[in-house]
Amino acid sequence: MKKSSSVEFGENLERSASRFGIKPAASTVAQLTGYYELLLHWNPKLHLVAPCSPGEFATRHVLESLLLLPHLTRKAHVVDVGSGAGLPIVPCLVARDDIQATLIEASPKKAVFLREALSRLGLNDRAAVSAERFEKLDQPEADAITCRALNRFSNMLPRLIAWAPATAKLFLFGGDALLAAIREAEVPFEIVPVPESERRRLFILTKTD
């Protein structure tokens, strides 16, 4: 009998987690499976993520997002820019109950999905959605700025760095194009390799002003 996509997702998440240095609790896997099911329901209309297998979603999207966990301070307030499907911040909120977050998403329709996801997952007390472009918002009070997907990411990077508070680190996911833009911005940074990917990395930027 063929397994459901939800079962495949959960099994792949548990099987691959150790390669990402993660040991998710059973309750975390169950909650993330619920998030995956909700995304499957909304994705045909909103195109939140490119079509992929349950296993690929578990590794490329969820476990990659959870690479942030060791780098987020206790009780961190995270501002996630261009949240889209809720990556990377929703998996992090599920896995760490001390984190608070503001999800910034310019698309009103995607913002509706994010609010539904936060509600379904019981995260409304720790997270809120702002349906606006980050450039139109005041500089936030935050310990961390995260961004995994942003239109014209490399071009927007200087604005994102300028907008981020001096006390916050920026956690950005991308490949060679983003690396080139970071080097051009002349901001100190670290690179965290993404397991099972030759191109993608997690870049940790520190503002100097």
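Where is the place of Pro88? Select Pro88: its place is in the loop between β1 and α4. Helices (H or I, at least four residues) and strands (E, at least two) are DSSP runs, numbered from the N terminus. This is a predicted model, in which local features need pLDDT of at least 70 and side-chain atom pairs count only at pLDDT 80 or more, while totals for chains, interfaces and linings use all residues. Residues are numbered from 1 along each chain as its sequence is written, and side-chain values use heavy atoms, with hydrogens and water left out.

**Stop 1: backbone exceptions**

A cis peptide bond joins the two, with omega about 10°. Next, select His47, in the loop between α2 (26-46) and α3. His47 is not a glycine, yet its phi is positive, about 55°. His47 is exposed, because its relative accessible area is 59% (buried means under 20%, exposed over 50%, partly exposed in between, with a 1.4 Å probe and protein chains only). Then go to Glu186, in the loop between α7 and β6 (189-193). Glu186 is also not a glycine and has a positive phi of about 55°. With a relative accessible area of 69%, Glu186 counts as exposed. Most residues other than glycine have a negative phi, and most peptide bonds are trans.

**Stop 2: Asp98**

Select Asp98, in the loop between α4 (89-95) and β2 (100-104). Its relative accessibility is 9%, so Asp98 counts as buried. Show its side chain. A polar atom there lies 2.7 Å from the backbone nitrogen of Lys75. The Asp98 side chain also makes a polar contact with the side chain of Arg96, at 2.7 Å. A polar contact is a pair of N or O atoms within 3.5 Å; within protein, one must be able to donate a hydrogen and the other to accept it, and residues adjacent in sequence count only if both atoms are side-chain atoms. Now leave aside neighbours within four places in sequence: Asp98 is in contact (heavy atoms within 4.5 Å) with Thr73, Arg74, Lys75, Ala76 and Arg126.

**Stop 3: Asn12**

Move to helix α1 (residues 5-16) and pick Asn12. Asn12 counts as buried because its relative accessibility is 16%. Beyond its neighbours within four places in sequence, Asn12 is in contact with Gly55 and Ala58.

**Stop 4: helix α6**

Colour Phe153, Met156, Leu157, Leu160, Ile161 and Trp163, which are buried in α6. Look down the helix axis: the buried residues fall within an arc of 150°, so they line one face of α6. The arc is that of the directions from the helix axis to the C-beta atoms. Turn to the other side, where Asn155, Pro158 and Ala162 are exposed. What covers the buried residues? The cover includes β1 (77-81), β2, β4 (144-147), β5, α7 and β7 (201-206).

**Stop 5: the largest pocket**

Finish at the largest pocket, with a volume of about 650 Å³. Of its 35 lining residues, centre the view on the closest to its centre: Gly82, Glu105, Ala149, Leu150 and Asn151. The elements giving two or more residues to the lining are α3 (54-65), α6 (153-163), β5 (169-174) and α7 (176-185). On a 1 Å grid over the protein atoms alone, a pocket is an open set of points where a 1.4 Å probe fits, with protein on both sides within 12 Å along at least five of seven lines; lining residues have an atom within 4 Å of a point. Grid points are joined across faces, edges and corners, and the volume is the space filled by probe spheres set on the points.
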